[in-house]
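Please look over the sequence and the coordinates shown here. The paragraphs that follow go through selected parts of the structure in turn.

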Amino acid sequence: METAPKPGRDVPPKKDKLQTKRKKPRRYWEEETVPTRDGASPGPPCNKKNRELRPQRRKNAHILKKSRISKKPQVPKKPREWKNPESQRSLSGAQDPFPGPAPVPVEVVQKFCRIDKSRKLPRSKAKTRSRLEVAEAEEEETSIKAARSELLLAEEPGFLEGEDGEDTAKICQADIVEAVDITSAAKHFDLNLRQFGPYRLNYSRTGRHLAFGGRRGHVAALDWVTKKLMCEINVMEAVRDIRFLHSEALLAVAQNRWLHIYDNQGIELHCIRRCDRVTRLEFLPFHFLLATASETGFLTYLDVSVGKIVAALNARAGRLDVMSQNPYNAVIHLGHSNGTVSLWSPAMKEPLAKILCHRGGVRAVAVDSTGTYMATSGLDHQLKIFDLRGTYQPLSTRTLPHGAGHLAFSQRGLLVAGMGDVVNIWAGQGKASPPSLEQPYLTHRLSGPVHGLQFCPFEDVLGVGHSGGITSMLVPGAGEPNFDGLESNPYRSRKQRQEWEVKALLEKVPAELICLDPRALAKVDVISLEQGKKERIERLGYDPEAKAPFQPKPKQKGRSSTASLVKRKRKVMDEEHRDKVRQSLQQQQQQQQHKEVKAKSTGARPSALDRFVR
Amino acid sequence: MNVNQVAESLLALSQQEELVDLPKNCPLSENEDDGDSDGERKHQKLLEAISSLDGKNRRKLAERSEASLKVSEFNVSSEGSGEKLVLADLLELVKTSSSLATVKKQLNRVKSRKVVELPLNKEKIEQIHREVAFGKTSGVLSKWDPIVLKNQQAEQLAFPLGKEQPAIAPIEHALSGWKARTPLEQEIFNLLHKNKRPVTDPLLTPMEKASLRAMSLEEAKMHRAELQRARALQSYYEAKARREKKIKSKKYHKVVKKGKARKASKELEQLQKVNPTVALEELEKFENARMMERMSLKHQNSGKWAKSKAIMAKYDLEARQAMQEQLAKNKELTQKFQVASEIEEEKGCTEEVEELLVPHVVNEVQMNVDGLNPWMLRNCTSDTREAATQEDPEQLPEPATHEVSESEGEERPVAEEEILLRDFEERRSLRKRSELNQDAEPAGIQETKDSSCQDVLSELRALSQKLKENHQSRKQKASSEGTVPRVQREEPAPEEAAPLLLQRPERVQTLEELEELGKEDCFQNKEIPRPVLEGQQSERTPNNRPDAPKEKKEKEQLIDLQNLLTTQSPSVRSLAVPTTIEELEDEEERDQRQMIKEAFAGDDVIRNFLKEKREAVEASKPKDVDLTLPGWGEWGGVGLKPSTKKRRRFLKAPEGPPRKDKNLPNVFISEKRNIHVAAHQVQVLPYPFTHHRQFERTIQTPVGSTWNTQRAFQKLTTPKVVTKPGHIIKPIKAEDVGYQSSSRSDLSCHTVESKMNHHTSQ
């Protein structure tokens, strides 16, 4: 009401006016004057309060410390205020019962650490060491921050537990649907589409949309949560496979002759004739690559962002109809009729690796989301789980009554196998553990033989395409409960999708970077480094980084004679030689010890009675 | 007179040639006056003739026969001598006459004046100037080095450098211009002012401050009286001390000192009872004093005074006594401090009492102090414990404190013996145990553990006795006073010790056997699972143990591919069996056919894969390089080939690293280098790194926001240099970094700035 009166001059007369005009009203603070004064009085009472509070605080601190120790002595950051507790005291005199930053569990921090500190580094200069220290400190800090933000992942995965002794495989879908809430129950449905033959299906990356294509030309895309149909067409041609591209707006359909691309209205955008007789499709989302496997035996990579074919690789193994991608490193796994699985990258003309998996031909391949395990099933009716971390050895093997024709991994590591008209699901102990094939977690019988399987991302839902249509069944604990809203947000609007598209395109990974180790970029190209060094030495005529040979210092009083110089040089040389010998000896000893320890640890401990054996 | 002169001149001539001129001058002038120059000349000639008789080559003197140019006014000519006139000659003459002082001065001046050197050439001068300037400037600049370094290492630099201090006005200023406006504020201010509450600094009101400052009168008086009393007492004490200090009686001082020492020891005892830690500190002090004494030569009769006394000592009883006293003092000071032992010994108490008196810890620590040798240390502590254990069960008053009562010199060997003894004892007990374990059946009379322990202890005691004797005898030998019984006693000791020593290898053997046993067990245990897996039992005899690891190695390498694929895997029990139509028709037939097909297919598949892999491996192997030189070491020519031996020697392929799939028969991993990835990798190591692994470590953590939290991402991507838009970035000044400004620093700042900029741009 007043426009900033200059303080000091205007106020007193106003006050007078107020007093004169009206009777002074009783204010709320007038009663409270006494208590406020008491409360606000500084000095001794306050101190007393503090004194009373102090032991409590200490107790708290002590407990805190204890809890830290119980976890592990490694404390990422010392609480700041232990250094000067006085400065942290608040005005009110109240004290933080949990002073300092909250403790971070070490295991969680470890999860985010990427520097392998167990590997020894060669001796480094002081300057280099300081750089290394900075890098390590940075890593620790960022990983602590990441560990702290784990708190934000509030959702927990679903689970299914049988009553004592009850087999979870006996629980049928109807029971689950009855038990769960109505929104989840709505996620279980069947689409009876008997006309257009067995269906292949694909969920979009956000898990919100579902596209399916029937053998007899029926192609449809829908928002399966709301059951809102986006498009439904008949391409009047056999549909072999269907796949969403980077977003739900584009669909790639492998038809009888060529590969076609439709938008979400069902309008045909492209017909790619260079990819003909495609049997299987895979989309690599970070590279914007559509990998197609064809009857002619070619594996073709199509860059959908620029519309160019990046690589067309001849697998030289006949018809290709088994394909899956490794989500960890974007390597394509192809299954062949001679029982091998070959691993491909567009940068190499030949497979990165070949694994002999089955005696008969390979029927299905699937790789889990961490890129650690590969499940294969072959004509020999076996289902195997391979370790992909360098050894490529089977971890577990089971013979199935009729073999599995289709395999798929869920985000949390559940494995589903489609055998005829039955679907079996196996679960492991956690996310990064292989599924144990001892007992199925869930089974379900469908109305027709299975033709396509996929777990829906971020949902506890398994989509099964079969000859009778599409079945969406509930699999508790299948999907990742927490989604990254910036990366794949199921609830994103159109605008958000468009923005994400631009960002994703900007962050597109070049196709030639696909290799078995996705962390290869964090490595130095040693071969060219060495070669460069060699060339430099040749150019210069000497090695600029070589250690200068020892040059004895000239000494006085006749001790710098040639003989003595030579002697001194010889001494240094001998010392170096001895050092080398010592080192090699130590290494040998260590190796031996290692072996002994291994031998001891592997062998069972001798029993107490063994000492009486003569 | 003439005659005299002539005689003189003659003498002079005969003696000196140089001085001839002068005497010649005088007679000549006289002769002219006299007129009888003829006779004179004759005389001269005569003299010459005489002088030439010497045979010496005489100098021809100038003769003034006619007027000539050569003759100077002083009648000096330089002709005859043929030498140059030297300045010194002139001075020689001048010196005698004082009238030539001015000349002399001038000459001196001429002589003293130095010749002005040639000026240096221009280049040289400039070079010198440059050098000096460089030195100065680099000196001035070097003070900027730490700042430059700091800026180089800084994570972020913010420009402009001079931070404007945000003008923090004190709260009083802020408040002075501000008045309460709203009624609420006014009320509050009223309240505050009424109570004289400090508005700005909420600490104490003036009243409170005043009350704090004030003090009651009684209290003040009492305080004063106390102070007075303390002062008086201090003065008394000082006076007393002064008085006592002046007493000259030595006896008195001695008594006082002794009294003090006693008091101190008593106090120490008390302290031990009451507060052992403080006592320990005290003890340490004593120990320190002892150490100092041992280090110094103070009372060792090596000083000047002591030496003089030593000379006198033969004859003078007092001097001898003084020396003795000195030595005694030294001994006293260097003696190890024994806690209460002297007094107790005097009283004749048992050492058990002593043990009670002295806490265990004290003894230990004291021993720790005297020897920094860890062996000694361990020995001492365990020794005391041993003593305790010995005493407890057997009630034997073993002289456990011998190491305390014994003098310094004997301690060492004793300790060594103790070590030896303990070693023996340990071995013995070990052996005992192993024996016990090994021959359980012969040991029908099962000794209880207690008895065996006692046995060991008794043996140990006997041994220790022996060793002690041994030691003593050795000592005596050294002093060459060995008596016959001593020697006799000495002899059996080593003999008895010998069996003990001999027993050692036996024990080792047994231990080795045990170890071997354990190993065998390990082997057997290890072997068991493998044969079961492979279905072939292989008995292992201990004889072929050496080649066992080899075999194992081979086995490990050969993971059988056949097994890998054909192992029977348990079939899954499924609740829902898929229904198929053909299944009902001819299940068995189909099954058989399938089985046969699978079996054949399997063999084919494996063989094909292995073949393929072998081919690929061969193809990827580096090709052999033919390094043979035909004709070297043998005949060469058309139709002659180098010998196979030579070819084998020089045909070499570079050894590559082992293949990754070397031990994985079912896998073929391509070893081809992915050049597309390599193009994206780092190929040159940046500056401070010398090894690629070092650099790799620094690039492990991803920087992007995909992998990091927002905060971490921001921190990781902070710009190196931050500038404030619209602000002039001025060069760094000395004041900015806390240096005092000077004219020189201003000169330097530009260069420093440029240097810094250079670095930051890097």
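The model is a predicted one. In the UniProt record, an unreviewed entry, the annotation "repeat: WD" covers residues 355-389 of chain A.

A:His381 is found in the loop between strand 19 (373-378) and strand 20 (382-387) of chain A. Although A:His381 is not a glycine, its phi is positive, at about 65°. With a relative accessible area of 17%, A:His381 is buried, because the cut-off for buried is under 20%. A second residue of chain A can be set beside it. A:Met236, also not a glycine, has a positive phi near 60°. The loop that holds A:Met236 runs between strand 5 (228-234) and strand 6 (239-244) of chain A. Is A:Met236 buried or exposed? Its relative accessibility is 70%, so A:Met236 counts as exposed.

Chain A as a whole has 12 helices and 28 strands. Of its 614 residues, 43% count as buried. Among contacts in chain A between residues at least 6 apart in sequence, those that join residues at least 24 apart make up 47%.

The interior comes next. In soluble globular proteins, nonpolar side chains tend to be buried together. The largest nonpolar core here has 36 residues, and A:Leu299, A:Tyr301, A:Ile332, A:Leu334 and A:Met374 are those with the most contacts inside it. Apart from this core lies another, of 33 residues, with A:Phe189, A:Ala427, A:Phe455 and A:Met473 among them. Which residues does A:Ile332 touch, leaving aside those up to four places away in sequence? They include A:Leu299 and A:Tyr301, along with A:Leu284, A:Ala291, A:Met323, A:Leu343 and A:Trp344. A:Glu282, A:Ser324, A:Gln325 and A:Ser342 are also in contact with A:Ile332.

A:Pro122 leads from chain A to chain B. Its place is in the loop between helix 6 (106-112) and helix 7 (126-148) of chain A. Not counting residues up to four places away in sequence, A:Pro122 touches B:His691, B:Arg693 and B:Gln694. A:Pro122 has a relative accessible area of 27% and is partly exposed.

In chain B, another proline has a cis peptide bond: the bond from B:Phe159 to B:Pro160 has omega near 0°. B:Pro160 is found in the loop between strand 1 (157-159) and helix 8 (171-176) of chain B.

Helix 15 of chain B (residues 317-334) has 18 residues, and from its first C-alpha to its last it reaches 26 Å, close to the 26 Å expected at 1.5 Å a residue. At the start of helix 15, a side-chain oxygen of B:Asp316 comes to within 3.1 Å of the backbone nitrogen of B:Glu318. The buried residues of helix 15 are B:Ala319, B:Ala322, B:Met323, B:Gln326, B:Asn330 and B:Thr334. Seen down the axis of helix 15, these buried residues fall within an arc of 105°, so they line one face of the helix. What covers them includes helix 13 (276-295) and helix 14 (304-313) of chain B. The face of helix 15 turned away from the buried side carries the exposed residues B:Leu317, B:Glu318, B:Gln324, B:Glu325, B:Lys331 and B:Glu332.

Note on methods:
Residues numbered from 1 in each chain as written. Chains lettered and ligands numbered in written order. Predicted model: local features only at pLDDT ≥ 70, side-chain atom pairs only at ≥ 80, totals over all residues. Heavy atoms only, no water. Helix = DSSP H or I, 4+ residues; strand = E, 2+ residues; numbered from the N terminus. Expected span 1.5 Å × (residues − 1). Buried < 20%, exposed > 50% of the residue type's maximum accessible area, 1.4 Å probe, protein only. Arc of directions from axis to C-beta. Contact = heavy atoms within 4.5 Å. Polar contact = N/O pair within 3.5 Å; in protein donor to acceptor, adjacent residues only side chain to side chain. UniProt positions renumbered as here; feature names shortened; annotations may be inferred. Core = buried A, V, L, I, M, F, W, Y, C linked by side-chain atoms within 4.5 Å.
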